[in-house]
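Let's take a walk through this structure together, one piece at a time.

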Amino acid sequence: MNLDFSVLLGREPMIIQGLFLTIKLTLVATLCGFCVGTFCAIGKRGSIAWLRRVCTCYVEAIRNTPLLVQIFLVYFGISNLGLSLNAVTVAMIALTINLGAYTAEIMRAGFDSIERGQLEAAETLGLSKRQIYWHVILKQALERVYPALASQFVLLMLASSICSQISAEELTAVANFIQSDTYRPLETYVVVGLLYVLLSLALRALLWLVGLALFTRRRKLGTLI
Amino acid sequence: MNASFAMGYLTFLLQGALWTVGLSVIALLWGGASALVVALCRISPLRSLRVATALYIQLVQGTPVLVIIFLIYFGLPSLGWSVSPLLAASLSLSIYVSAYLGESWRASIQSVPRAQWETAECLALSRLQRMSKVILPQAVRIATPPTVGFMVQIIKNTSLASIVGFIELVRAGQIINNTIFQPFLIYLLIAILYFGMCYPLSILSRRLEIRGSDKAYA
């Protein structure tokens, strides 16, 4: 048995393309999923009973079923509706739906952690519910749950590998193609695995920087995050 | 489709669900055993051991489970070991579990109050006795709710074993789908079955957490 990594030489463009699609899937799903999740968290804490129930059902249904099944459901569900979308769009939708549920749970915890006094003060100032969320609660809640949120985003990046199953040509799908082409599975998956490790480190670094840029208040007070 | 036919499909699906449970239990047991080793190595007095485990955790937590499964299922045969889908799935899920649970259990062990460690030391207990008689029994109580919650993740991740051809719930559904061509219906059924397995665990985990925090404040 001998390892031969040279079979991967010359296939860098393909790997890089896969890498970029993984990054694209992650970024789009993170942004959209975060918005969906935040609105869902607000819905869950709202005063409209049926909306609360819908949001709870959505969160529980997604959190208790595998992403693989969700992706297939979206994939076949969309074609059942008579629409034809390409695999990448389907993957983005499925990942967004998935992340939305996890974000909702995390953001709800963040919203709940804001002291009553702040809400009462905001109400006394005559702010509307929307203003209270936007100006008072959102940023503080985000700051408190940011580490949990960041881990969830990294997990989503890793989970995007499952999109290879509906032939979205991201990194894992590229790896599958290369290994069936070269008959060198071990080398291919070792390299791709390491790329994922690097990608997750890079994503963590990026999220840390975003955190530094977003939450400046505590550092001004002289405490470490 | 007549009724007995449909019953046949349903039993096949339920059989698959049984394998999902089986695979989850294997992953939990193997992975849990390795997680304990990982957690203890992470807090070992030997620096090299600590660094090595930290690296292992970093590597596993930075790689998708799917890639680990492929690495073992396709990679090991090229080293001359042939692996069955069941072995590949159990092995890779155990690796996954060992890294995530190991890190979670390390945190539980370290969150046992400092005074307990010091008292045990004052009583001249050896490191082994200290761990097994004083620290771990308390850490188990702290670790239980997150571990139950993590079992949901394990069950969900066993679905990836279908990709290397192990016949658990998803694969069973796909096989049925090959004959009746109703993917949406089948996957909906699969999702419901997964929900039935995971939701009770989610609720249990949440209850345990609430009970635990009540105790902490009492």
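This is a predicted model: local features need pLDDT of at least 70, side-chain atom pairs count only at pLDDT 80 or more; totals for chains, interfaces and linings use all residues.

Chain A brings 31 residues to the contact, and chain B brings 30 residues. On the side of chain A that touches chain B, five helices each supply at least two residues: α2 (49-63), α3 (67-80), α6 (129-159), α7 (171-182) and α8 (185-214). Of these, α8(A) gives the largest share, with ten residues. Sorted by class, the side of chain A that touches chain B holds 19 nonpolar residues, ten polar residues and two charged residues.

To see the contact from the other chain, pick out B:Leu71. You will find B:Leu71 in helix α3 of chain B, which covers residues 65-75. Which residues does B:Leu71 touch, leaving aside those up to four places away in sequence? They are A:Tyr189, A:Val190 and A:Gly193. Is B:Leu71 buried or exposed? The cut-off for a buried residue is 20 or more other C-beta atoms within 10 Å. B:Leu71 has 22 other C-beta atoms within 10 Å, so B:Leu71 is buried. For a sense of distance within chain B, look also at B:Val51, which is 20 residues away from B:Leu71 along the chain. The C-alpha atoms of B:Leu71 and B:Val51 are separated by 24 Å.

Now step back and take in chain B as a whole. Its secondary structure consists of eight helices and zero strands, so reading from the N terminus gives the order α-α-α-α-α-α-α-α. Chain B has 218 residues, and 38% of them are buried. UniProt, in an unreviewed entry, places the feature "domain: ABC transmembrane type-1" at residues 19-207 of chain A. In the model, that span is 83% helix and 0% strand, and its end C-alpha atoms lie 18 Å apart.

Let's finish with how some helices of chain A pack. Two packed helices are described by the angle between their axes and the distance between the axes. Start with helix α1 (residues 12-45) and helix α4 (residues 87-112) of chain A, whose axes come within 5 Å and cross at roughly 45°. α1(A) and α4(A) are therefore oblique to each other, and their crossing is right-handed. The contact of α1(A) with α4(A) contains 18 nonpolar, seven polar and three charged residues.

How do the axes of α1(A) and α2(A) cross, and within what distance do they come? They cross at roughly 130° and come within 7 Å. This makes α1(A) and α2(A) oblique to each other, and the crossing of this pair is left-handed. From α1(A), the residues A:Cys40, A:Gly43 and A:Lys44 take part. They meet A:Leu51, A:Arg52, A:Cys55, A:Thr56, A:Tyr58 and A:Val59 in α2(A). By class, the contact of α1(A) with α2(A) has five nonpolar, two polar and two charged residues.

Technical notes. Residues are numbered from 1 along each chain as its sequence is written. Chains are lettered from A and ligands numbered from 1 in the order in which they are written. Two residues are in contact if their C-beta atoms, placed from the backbone, lie within 7 Å. Helices (H or I, at least four residues) and strands (E, at least two) are DSSP runs, numbered from the N terminus. Ala, Val, Leu, Ile, Met, Phe, Trp, Tyr, Cys and Pro count as nonpolar, Asp, Glu, Lys and Arg as charged, and the others, Gly among them, as polar. A residue is buried if 20 or more other C-beta atoms lie within 10 Å of its own, exposed if 12 or fewer, and partly exposed in between; C-beta atoms are placed from the backbone. Axes are lines fitted to C-alpha atoms, for helices over the stretch in contact, and angles run from 0 to 180 degrees between N-to-C directions. Angles under 35 degrees count as roughly parallel, over 145 as roughly antiparallel, 65 to 115 as roughly perpendicular and the rest as oblique. A crossing is left-handed if the near helix is turned anticlockwise from the far one by less than a right angle, and right-handed if clockwise. UniProt positions are given in the numbering used here, feature names are shortened, and annotations may be inferred rather than shown by experiment.
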